[in-house]
Amino acid sequence: RTSLGTTDAAGRYRLAYLRDIAGANPGRHVVRITTASEDTGRRELLPAVYHRRSALEAVVAPGDNTIDFALTGK
């Protein structure tokens with residue numbers, strides 16, 4: 001199952017595995033980051049390498065994790 005999260009104005013994020021379960025399953029994951037939103041009609045500001053053709057990966061360990069990515073725009 002996919003975990004989802006939203007970044008706030010300060011760049012903080014929290015993932016949700018299910019509505020009432022935070023986090024992500026331990027293991028190696030492909031990470032997709034997008035600025036697009038169907039709800040607001042916001043267009044994508046990041047290159048496809050961060051979302052549609054993601055080259056980002058993360059290894060989630062059991063317990064608390066902080067995994068940040070330094071991104072560059074188009």
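Glu-57 and Arg-28 form a salt bridge, with their closest N and O atoms 3.1 Å apart; the term means a side-chain nitrogen of Lys or Arg within 4 Å of a carboxyl oxygen of Asp or Glu. Because Glu-57 lies in strand S5 and Arg-28 in strand S4, the pair ties together parts that are 29 residues apart in sequence. This is a predicted model, in which local features need pLDDT of at least 70 and side-chain atom pairs count only at pLDDT 80 or more, while totals for chains, interfaces and linings use all residues. Residues are numbered from 1 along each chain as its sequence is written, and side-chain values use heavy atoms, leaving out hydrogens and water.

**Overall layout**

- The protein has 0 helices and 5 strands, where helices (H or I, at least four residues) and strands (E, at least two) are DSSP runs numbered from the N terminus.
- Along the sequence the pattern reads β-β-β-β-β.
- Taken along the principal axes, the box filled by the C-alpha atoms is roughly 35 × 25 × 25 Å.
- Of the 74 residues in the protein, 16% are buried; buried means under 20% relative accessible area, exposed over 50%, and partly exposed in between, with a 1.4 Å probe and protein chains only.
- Among contacts (heavy atoms within 4.5 Å) between residues at least 6 apart in sequence, 38% join residues at least 24 apart.

**Salt bridges**

- The structure holds 2 salt bridges.
- Asp-8 is partly exposed, with a relative accessible area of 33%, whereas Arg-12 is exposed, with 56%.
- Side chains of opposite charge can pair when their charged atoms come close.

- Ser-54 is found in the loop between S4 and S5 and is buried, with a relative accessible area of 19%.
- The side chain of Ser-54 reaches the backbone oxygen of Val-31 at 2.3 Å.
- Apart from neighbours within four places in sequence, Ser-54 is in contact with Val-30, Val-31, Arg-32, Ala-48 and Val-49.
- Ala-58 lies in strand S5 and is buried, with a relative accessible area of 8%.
- The C-alpha atoms of Ala-58 and Val-31 are separated by 6.8 Å, although these residues are 27 apart along the chain.
- Not counting residues up to four places away in sequence, Ala-58 touches Gly-27, Arg-28, His-29, Val-31, Ile-67 and Phe-69.

**Largest pocket**

- A pocket is an open set of points on a 1 Å grid over the protein atoms alone, where a 1.4 Å probe fits, with protein on both sides within 12 Å along at least five of seven lines; lining residues have an atom within 4 Å of a point.
- The largest pocket holds about 1,500 Å³ of space, the volume being the space filled by probe spheres set on the points.
- Its lining has 39 residues, and those nearest the centre are Leu-4, Gly-5, Thr-6, Tyr-13 and Leu-15.
- Strands S1 (4-7), S2 (13-18), S4 (27-31) and S5 (56-60) each supply at least two lining residues, and S1 gives the most, with 4.
- By class the lining has 18 nonpolar, 15 polar and 6 charged residues.
- Here Ala, Val, Leu, Ile, Met, Phe, Trp, Tyr, Cys and Pro count as nonpolar, Asp, Glu, Lys and Arg as charged, and the others, Gly among them, as polar.

How values were computed. Polar contact = N/O pair within 3.5 Å; in protein donor to acceptor, adjacent residues only side chain to side chain.
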